[in-house]
Amino acid sequence: MLQTYDFTLDIEIMNQYISYNSIYHTLICRQCGYAIPQDWIMRHFRQFHKTIPLVIRQDIINYGLSLDLWHPSQVHEQWQNMNVKSPVDSLTIHPGFKCQHNDCLKYTRTEVSMKQHCRKTHEWVAKDSIIWTTQQLQSFFGGHYVKYVYLMTILILDSDKSHQATLNQVRDSQSLVTKTPWLRHTRWEEIFIGKDMSELVKLSNAPGMQEPHERRIWDATGRVIHACFNGVIDCQERGWTLIPFWLRSVDRNKEDTKPFRTYFAPATLYRYASYWQQYILFSLRAMMGEESVQFTLKQRECLLELNTLLYEINVTDEANNNSKIEKKILELSVLLIQHSDYAKERSSLVYFTGVLGYNIEWKQWRQPLEYTTILAGIQFCTHVIMLEAALPRINRDEIDETSSENPVELFRKVRDKWLIDGEGIILLAKSLINQEHHLIIFIVS
Ligand SMILES: [Zn+2]
Ligand SMILES: [Zn+2]
């Protein structure tokens, strides 16, 4: 019997629990911080993660079984063959020790076991000076149920300051041929060549406690996204049931077979909104002095107006101030999404999504599976915002059978232009979703 599983919807949810590393062909359990060998996946999630809802667990198991996962010995072999042993995202980092005797690749978690190793292997005695150093370590596999325990060095040491200072500087040293298909596809190394990613990432940070104006923008943007999302639910309540199908579709001429999702776990919705909150704040900060982030004249004017609003507040009428700011943020968001393919300026949204592709903690670009959840969040925001732009909530009551255009026609005018034919972000999201999200798995049983 042939069964098919379409993970279109659920990869986003699964990714909260697992992370697939395409270099080492391993499936990492985020909660445990270890990779799970393929023949242990089912038992692992049944035994240790009973709190993950059953359907999701089943999807994780099916997904895990569908991947070309390597045996732990192959994983370790790959690690030894790697020239640059970069840390692996989602694996736990442990403090530990490294033997410094010649090329000895011995790592241990405790000093006691390091001493034992040095005594046995290098005839070290207690009166000698120590021949090991402390070292942060990662292990692919762990736990008493897996016999393969192997520790991995993290080459970026805190003491190595000079190296660290230039580490976030993007150098496009690799030729197209040696790049992974992923980096070829995203073109990040070309887009950000010469840029210090730590500076750009800083622009996208959430506001600090000491920045009330930024805080204000952040909160208002969160409210805007939530209101726009409620606009999707409102369509359903009005009986405009076709709209959510068109909203979900990436096909120009056809609505999707499923509607846009209207239920998200609160944490997911919160995270999705946070990308847009970051983006608005990023734009505002960038306008003040980061030239690599470009805006059209209209976008710049809108940013300036938003900035002015922050300083022109009437202390007695908080609600009115907030609603003015929210309106301006919505207007700005629409302008930022409606960035023409023919504009001289590069789309700041495309640029921003590239910045989010950089993991500052690990000083490397994010892998596809991790990154698609970010893109899914941004795509969610652009969609709900453009629905509100096409069919503003306050005008919806006026639409009836006598209107010259019905809601679907009104929505498609905006959707077809900006959510389908738009450049950059939408296209990138589209092709990624086609590549990464539609994992159709065949299991023969
Ligand atoms: Zn686990
Ligand atoms: Zn040794």
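## A helix and its end

Helix H5 covers residues 111-122, and its twelve residues, at 1.5 Å each, should span 16 Å; the end C-alpha atoms lie 15 Å apart, which agrees. The expected span is 1.5 Å times one less than the number of residues. Helices here are DSSP runs (H or I, at least four residues), numbered from the N terminus. Just after H5 comes Glu123, with a positive phi of about 50 degrees.

This is a predicted model, in which local features need pLDDT of at least 70 and side-chain atom pairs count only at pLDDT 80 or more, while totals for chains, interfaces and linings use all residues. Residues are numbered from 1 along each chain as its sequence is written, and chains are lettered from A and ligands numbered from 1 in the order in which they are written.

## Two helices side by side

Helix H13 (residues 297-311) and helix H14 (residues 318-337) have axes that come within 10 Å and cross at roughly 165 degrees. H13 and H14 are therefore roughly antiparallel (angles over 145 degrees, on a scale from 0 to 180 between N-to-C directions).

Among the residues that meet are Cys302, Leu303 and Leu306 in H13 and Ile325, Ile329 and Leu332 in H14; contact puts C-beta atoms, placed from the backbone, within 7 Å. The residues of this contact divide into nine nonpolar, one polar and five charged.

## A look at Val384

Val384 sits in helix H16 (residues 368-390). Val384 is buried, with 24 other C-beta atoms within 10 Å (the cut-off is 20 or more).

Val384 and Val224 are 160 residues apart in sequence, yet 9.9 Å apart in space, C-alpha to C-alpha. Leaving out residues up to four places away in sequence, Val384 touches Ile225, Cys228, Phe229, Gly231 and Val232.

Technical notes
Parallel < 35°, antiparallel > 145°, perpendicular 65-115°, else oblique. Contact = placed C-beta atoms within 7 Å. Nonpolar A, V, L, I, M, F, W, Y, C, P; charged D, E, K, R; others polar. Buried ≥ 20, exposed ≤ 12 C-beta atoms within 10 Å, placed from the backbone.
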